[in-house]
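The entries follow in the order I checked them.

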Amino acid sequence: MTNREPECVALKRRGAARIYQQLAGKSRAEQLAFWQKRNQGMRERQEARLRNESPTETSA
């Protein structure tokens, strides 16, 4: 009997392979710029989500 790889592990490996392909052949400076851009995008999405999910204050 063989054990199947959990879907979460397969998902992580596919994501890592995609990032590896995107960074292949790039210099250290280009890799740093890639991650800075990705990080900024993530922060913007988080801030937008927090603004949209923040509860509105109601007076009783």
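I began with glutamate 7 and arginine 14, whose side chains meet in a salt bridge at 3.1 Å, N to O. The term covers a side-chain nitrogen of Lys or Arg within 4 Å of a carboxyl oxygen of Asp or Glu. Glutamate 7 is partly exposed at 48% relative accessibility, and arginine 14 is partly exposed at 47%. (Buried is under 20% relative accessible area, exposed over 50%, partly exposed in between, with a 1.4 Å probe and protein chains only.)

I noted the basis: this is a predicted model, where local features need pLDDT of at least 70, side-chain atom pairs count only at pLDDT 80 or more, and totals for chains, interfaces and linings use all residues. Residues are numbered from 1 along each chain as its sequence is written, and side-chain values use heavy atoms, with hydrogens and water left out.

How many salt bridges does the structure hold? I found 2. Glutamate 5 and arginine 13 also form a salt bridge, at 2.3 Å, N to O. Glutamate 5 is partly exposed at 34%.

Next I searched the whole structure for aromatic pairs and got 1. Phenylalanine 34 and tryptophan 35 are edge-to-face, 5.0 Å centre to centre, with 85° between the planes. (Rings of Phe, Tyr and Trp, its six-membered ring, pair with centres within 6.5 Å; planes under 30 degrees apart are stacked, over 60 edge-to-face, the rest tilted.) Phenylalanine 34 is buried at 16%, whereas tryptophan 35 is partly exposed at 42%.
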